[in-house]
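Subject: Handover of a protein model

Dear colleague,

Please find below the structure that I was asked to pass on to you.

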Amino acid sequence: MFVEMEEEVPPEEFNVLWSFAGRCSEELSIRRGDQVNVHAKISPEWWWAELRGVFGYVPASYLHKGSTEDGEEEEDMWQNEEYYDIYGTLNLHLEMLSDKSRTEAYRQVIVNNSASLHRKVVMDLGCGTGIVSLFCAQLAKPTAVYAVEASSMVEHTRELVKQNACEEVITVLQGRAEEIQLPEQVDVLVSEWMGNCLVFEFMVESVLLARDRWLREGGTMWPSSAALTLVPCQAHRYYAEKMAFWEKPYGLDFTPLQPLALQEFFAKPKFSHLMEPGDALASPTDVICLDMHTLQVADLEEMQGGFQFSLEKSGIFHGFTAWFSVSFKSLEEGGAAVELNTGPESEPTHWKQTLFMLDVPISVHAGDAISGTIILRRNPIWRRHLTVTLNWEISGYTQAGTKSFPMWR
């Protein structure tokens, strides 16, 4: 329901996507569908707005600018054109195919299950160049493989299928999971849907929709499960490069630039981070676990997990490092699962790890406990993006910490 303003106000008008109950007198209580006027964008997270003559702060991510008066369409919440354009370039596929850990894991799954895949029907969703479909056709001889790709790479995929003499088994289809039509249901749905911090880009939603439409009852999902792993860490090199640098460059005091550096370098997570050996302050723990057979699209809006670390050494607590692992269950009775792990103890992948820096590093000691929660909250406007919020407490410290990291909007 839209609530009209009693008075026309010059600032920009926004529609409210989610309800929000103000927790203090300066936070504005709003309901989904309200129309508010934004008077000032105080920070990327909080805006000063007005609703029916009442002023207060509202979370910026809860607001969305609707269609204009001249009928201009709203922005694409999925950024599909941008997203599929990127996956239509060869550069990205070169990066993924060159990732041997990733590609060999999928190949090993096919090899290990080749006997059980014989005469099965397989969907390869987001097939890219068709590498997994080709593995299936050549190594397992299934009845059919439906290779589904939404980007313009699909024309080259068809050429590669023909070049490798697999066109009798592989049917290449262009389209999104929500739109494609298959002639039959499938026994196995395989996809490489993972993004940074596991769910970034939210291709996982398309996988779940395809599962619900096309996977036979009792069928198999590959990956079958996934986990996000977290560890408190040191990051001396990164901190020195981005923050300590400003203390005395060339003998000059540039410390007034440190607040700017904090906002520019530490406000968002650092992708493609390689955690150095010895930088982990504790043993890592899985904080979010997904069962790909039971996970629902609605579950993706907010995922939360808890953690409790006992520090194994003294050092500087600079932040948290996260990575993911996925597991492919065997179709063979008693067969071993295949795991792909993107953590620092495994061979590096193109995902590497994701680093979340604190605003201020903290000296900690062996035996200290760090406990808290991690929340992955999907952006209600930019649907391929999310915000990661970390809340933590350190034993012996009176002040708890919290920080939210947009990925990317």
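Predicted model: local features only at pLDDT ≥ 70, side-chain atom pairs only at ≥ 80, totals over all residues.

Residues are numbered from 1 along each chain as its sequence is written, and side-chain values use heavy atoms, with hydrogens and water left out.

**The whole chain**

The protein contains nine helices and 20 strands; helices (H or I, at least four residues) and strands (E, at least two) are DSSP runs, numbered from the N terminus. Along the principal axes, its C-alpha atoms fill a box of roughly 65 × 60 × 40 Å.

Of the 409 residues, 51% are buried. Buried means under 20% relative accessible area, exposed means over 50%, and partly exposed lies in between (1.4 Å probe, protein chains only). Among contacts (heavy atoms within 4.5 Å) with a separation of 6 or more, 71% join residues 24 or more positions apart.

**The interior**

The largest nonpolar core has 94 residues. Such a core is a set of buried Ala, Val, Leu, Ile, Met, Phe, Trp, Tyr and Cys residues joined through side-chain atoms within 4.5 Å. Met123, Phe317, Phe320 and Trp392 have the most contacts inside it. Leaving aside neighbours within four places in sequence, Phe317 touches residues including Pro232, Leu281, Leu358 and Trp392. Another core, of 13 residues, lies apart from the largest one and has Val231, Tyr239, Trp246 and Trp323 among its members.

Helix α5 (residues 131-139) has as its buried residues Val132, Ser133, Leu134, Phe135, Cys136 and Ala137. These pack against α3 (100-112), β6 (121-125), β7 (144-149), α6 (154-163), β8 (170-174) and β9 (186-191). Just after α5, Lys141 takes a positive phi of about 55°.

**Aromatic rings**

Rings of Phe, Tyr and Trp (its six-membered ring) pair if their centres lie within 6.5 Å; planes under 30 degrees apart count as stacked, over 60 as edge-to-face and the rest as tilted. By this rule there are 18 aromatic pairs. One of them is the edge-to-face pair of Tyr83 and Tyr84, at 5.1 Å centre to centre with 65° between the planes. Both of these tyrosines are buried.

Phe356 and Phe405 also form an edge-to-face pair, with 5.0 Å between centres and 75° between planes. This pair links distant parts of the chain, 49 residues apart: Phe356 is in strand β17 (residues 353-364) and Phe405 in strand β20 (residues 401-407). Phe356 counts as buried because its relative accessibility is 1%, and Phe405 is buried with a relative accessible area of 1%.

Phe307, Phe309, Phe317, Phe320 and Trp392 form one aromatic cluster.

Two arginines sit over rings, and a charge is placed there if NZ of Lys or CZ of Arg is within 6 Å of the ring centre and within 35 degrees of the ring normal. Arg378 lies over the face of Phe202, 4.3 Å from the ring centre. Arg384 lies over the face of Tyr83, at 3.6 Å from the ring centre.

Yours sincerely
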